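Reader: Can you walk me through this one? I'd like to start with what you mean by a contact.

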Amino acid sequence: MPTVSVDKADLFERLGKVYTTEEFDHLCFEFGIELDEDTTEEVEENIKKGLPAERPQLKIEVGANRYDLLCIEGIARALRVFLQLDKPPVYRYRAFGPGEKMITATVSKDTARVRPFFAGAVLRNLHFTPRSYESFIDLQDKLHQNICRRRALVAIGTHDLDTITAPFSYEALPQKDIKFVPLNKTQAYTCEELMELYKTDKHLGRYLHITKDLPVHPIIYDTKRQVLSMPPIINSEHTKITLNTRNVFIDVTATDETKLNIVVNIVATMFSEYCSEPFTIEPVQIIYPDGTTKITPEITPYKMTATASYINSCTGLSLTATEAAKLIERMSLHTSLSPNSTDEILVEVPPTRPDIMHECDVMEDAAVAYGFNNLKKTFPSTSTVAQPLAIGTLCDIVRRECAQAGWVEVLPLILCSHDENFAWMNRKDDGKTAVRLANPKTLEYQVIRTSLLPGILKTIRENKTHALPLRVFETSDVVVQDPSRESQTRNIRNMGAVWCNKTAGFEIVHGLLDRVMMVLEIPRIRETDSAAYGYYIKETQNPTFFPGRAATIHYRPKPDAGPQPNGKSAVETIKSAVSLLVPSANDIELGMLGILHPSVLEKFEIDFPCSALELNLEPFKKESLNVWGE
């Protein structure tokens with residue numbers, strides 16, 4: 001949740017009242033934001049000690065989707081409307097005088113290779129004060145860190161319009177062909193030189209990776225080829241905004257058009273109150289390479305319909321449409337009553353509220369305006385009793401028995417690196433099993449695990465200082481690809497356990513397997529008993545385990561199980577629910593147990609021998625219900 005620092009005295013002046021900390025905290029709570037800190041006492045202490053101190057600040061925590069509350073202008077405006085001191089503002093385009101033309105910006109086709117979307121806006125006859133100027137800069141930074149995703153998706157540039165000449169062009173050129181004087185510098189640099197210059201800069205250095213290795217770099221020129229900005233890195237010194245700036249040109253470039261529109265709307269609307277005609281914005285015409293044109297910012301209100309009956313059904317109130325409309329207006333939305341229905345409310349969503357997307361958002365605003373604390377507590381009109389899923393019941397049984405046997409449960413992350421899931425376990429990736437992340441943030445989180453053992457082994461590695469033996473288990477999901485499903489994936493509930501001691505302890509994990517099966521009332525049988533029902537283990541060779549010290553676990557369902565609801569036999573149904581099966585008559589391979597190979601232990605930095613067990617629990621859901629007597 002973003003935290004916004006605002007000048008305490010300035011905010012209270014805008015609200016027309018001086019609040020105590022408790023009163024303002026209550027007001028914030030009622031509005032749906034939170035007062036995080038009041039620095040008044042800290043400032044007074046510094047003054048007493050003779051230390052330099054800034055003006056008292058209020059640090060306010062706002063919702064992550066309320067971009068209109070990221071500056072003092074937006075907070076004061078919203079609170080004044082909430083307190084019914086003002087009506088919601090109406091944002092409008094500036095009317096052009098005789099002979100005036102709309103500013104245009106032409107987008108080059110090469111920008112499609114880097115940042116294809118562009119938007120602009122103009123604020124005329126602004127009057128900055130030191131505090132409003134600081135707020136103007138701070139809002140851009142807040143947006144860059146929030147919706148703009150550190151400039152990766154959207155970048156904002158602001159310029160003194162009186163220092164440049166329209167029309168503008170948004171282009172993408174080779175880095176060696178770009179040269180200008182960057183902000184707060186006195187000499188010109190090429191783009192390549194700027195990449196080296198800002199490599200060690202604490203502020204700008206973190207944005208260089210966005211465009212450094214691209215074949216062309218975005219650049220914005222005016223009609224005289226004067227550089228405005230090199231997004232998303234730096235603006236030009238020539239167009240620098242000062243306290244004396246009266247006309248501001250805002251440029252926004254992006255890889256995401258939706259976020260582009262939100263950002264240009266927020267920046268333009270928030271500071272349009274400082275124009276000589278408050279809340280008036282001059283649009284810019286964007287001309288794209290295919291000839292299409294677009295007017296930005298798009299400040300025409302979005303129209304939608306809400307009903308008093310829906311609001312009442314969700315809140316338990318009995319509001320008329322007129323009463324509901326008054327509540328909605330307190331949240332900066334324009335409303336009017338529908339001439340066709342006594343229940344409908346026509347809502348106009350301003351460009352400052354991109355978080356309003358559905359009638360439920362309007363209902364939530366109405367509830368906030370009414371006051372959540374004022375809603376009556378009532379019992380639900382319907383009463384239901386929850387019932388655990390069969391797989392959940394099964395896991396509870398297994399967890400209880402493992403814990404009572406002295407094993408400790410662990411909960412590793414479900415994401416892991418590709419090497420941990422395959423190479424470190426001496427397994428090969430067939431490309432058809434593991435679900436890969438398309439854009440992993442780090443090497444640690446590349447795939448969704450297909451086995452519980454890597455996570456358990458990492459847990460043991462991080463707890464090597466504990467006394468031996470270490471015996472840990474986990475009962476959780478693994479995920480595999482399944483093209484037959486809509487999601488293309490399947491969750492499978494497995495149980496895994498690892499014993500780590502000075503001796504391998506194969507008999508220990510074998511005993512744990514036998515105990516779990518005994519509790520599930522699944523008898524142990526011989527492989528040759530073709531008519532018997534139960535489980536057996538069979539020696540195998542697997543690179544994860546020590547040669548000659550590994551076995552597969554097989555399960556033979558009851559032969560008399562009747563047809564299932566899907567028309568398949570019980571055996572066919574179970575086999576379709578298990579991913580790693582080896583077809584062998586009616587027997588199902590559920591998992592493996594054995595002594596882990598020394599190379600596996602070496603990769604996980606474990607110095608003692610380990611025995612491991614991994615078992616698929618999916619086929620035993622019915623047995624778990626029988627155990628509980630259900």
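Author: Contact here means heavy atoms within 4.5 Å. The model is a predicted one.

Reader: Fine. Which residues does E401 touch, not counting those up to four places away in sequence?

Author: By that cut-off, E401 touches R515 and V519. E401 itself lies in helix 11.

Reader: Is E401 buried or exposed?

Author: E401 counts as buried, because its relative accessibility is 6% and buried means under 20%.

Reader: How far is the C-alpha atom of E401 from that of I492?

Author: They are separated by 20 Å, with the two residues 91 apart along the chain.

Reader: Back to helix 11. At what angle do the axes of helix 11 and helix 14 cross?

Author: Roughly 135°. The axes of helix 11, residues 390-404, and helix 14, residues 506-519, come within 10 Å. The two helices are therefore oblique to each other.

Reader: Left-handed or right-handed?

Author: The crossing of helix 11 past helix 14 is right-handed.

Reader: Which residues meet there?

Author: From helix 11, I397, V398, E401 and C402; from helix 14, L512, R515, V516 and V519. By type, the residues of that contact are six nonpolar, no polar and two charged.

Reader: Next pair. How do helix 5 and helix 7 pack?

Author: Helix 5, residues 130-145, packs with helix 7, residues 257-271, at an angle of about 165°, and the axes are 11 Å apart. That makes the two roughly antiparallel. Their crossing is right-handed.

Reader: And what makes the contact between helix 5 and helix 7?

Author: Helix 5 supplies S132, S135, F136, L139 and L143, and helix 7 supplies V263, I266, V267, M270 and F271. Eight of the residues in this contact are nonpolar, two are polar and none is charged.

Reader: On to the largest nonpolar core. Which of its residues touch the most other members?

Author: L11, F24, I60, L143, I250 and V263, out of 78 residues in that core. Helix 7 gives the most to the core, with nine residues.

Reader: What is I250 in contact with, leaving aside its neighbours within four places in sequence?

Author: The list is A119, G120, A121, L123, I156, G157, T158, V267 and A268.

Reader: Where is N146?

Author: N146 sits in the loop between helix 5 and strand 7, the latter covering 154-160. N146 is buried, since its relative accessible area is 15%.

Reader: How many residues of helix 4 are buried?

Author: Helix 4, residues 72-82, has 10 of its 11 residues buried, so the helix is largely enclosed by the rest of the structure. The buried ones are I72, E73, G74, I75, A76, R77, A78, L79, V81 and F82.

Reader: What follows helix 4?

Author: Q84, which has a positive phi, near 60°.

Reader: Where is N426, and what is its phi?

Author: N426 is in the loop between helix 12 (418-421) and strand 22 (435-436). Its phi is positive, near 60°. N426 is partly exposed, at 21% relative accessible area.

Reader: What about E605?

Author: E605 is not a glycine either, and has a positive phi of about 60°. The residue is in the loop between helix 16 (598-603) and strand 29 (610-616). At 47% relative accessibility, E605 counts as partly exposed.

Reader: Last topic, cis peptide bonds. Where is P232, and what is the bond from P231 to P232?

Author: P232 lies in the loop between strand 12 (227-230) and strand 13 (234-235). The bond from P231 to P232 is cis, with omega near 0°. The peptide bond from L468 to P469 is cis too, with omega near 0°. P469 is in the loop between helix 13 (453-461) and strand 24 (470-481).

Technical notes:
Residues numbered from 1 in each chain as written. Predicted model: local features only at pLDDT ≥ 70, side-chain atom pairs only at ≥ 80, totals over all residues. Heavy atoms only, no water. Axes fitted to C-alpha atoms, helices over the stretch in contact; angles between N-to-C directions. Helix = DSSP H or I, 4+ residues; strand = E, 2+ residues; numbered from the N terminus. Parallel < 35°, antiparallel > 145°, perpendicular 65-115°, else oblique. Left-handed = near helix turned anticlockwise from the far one by under 90°. Nonpolar A, V, L, I, M, F, W, Y, C, P; charged D, E, K, R; others polar. Core = buried A, V, L, I, M, F, W, Y, C linked by side-chain atoms within 4.5 Å. Buried < 20%, exposed > 50% of the residue type's maximum accessible area, 1.4 Å probe, protein only.
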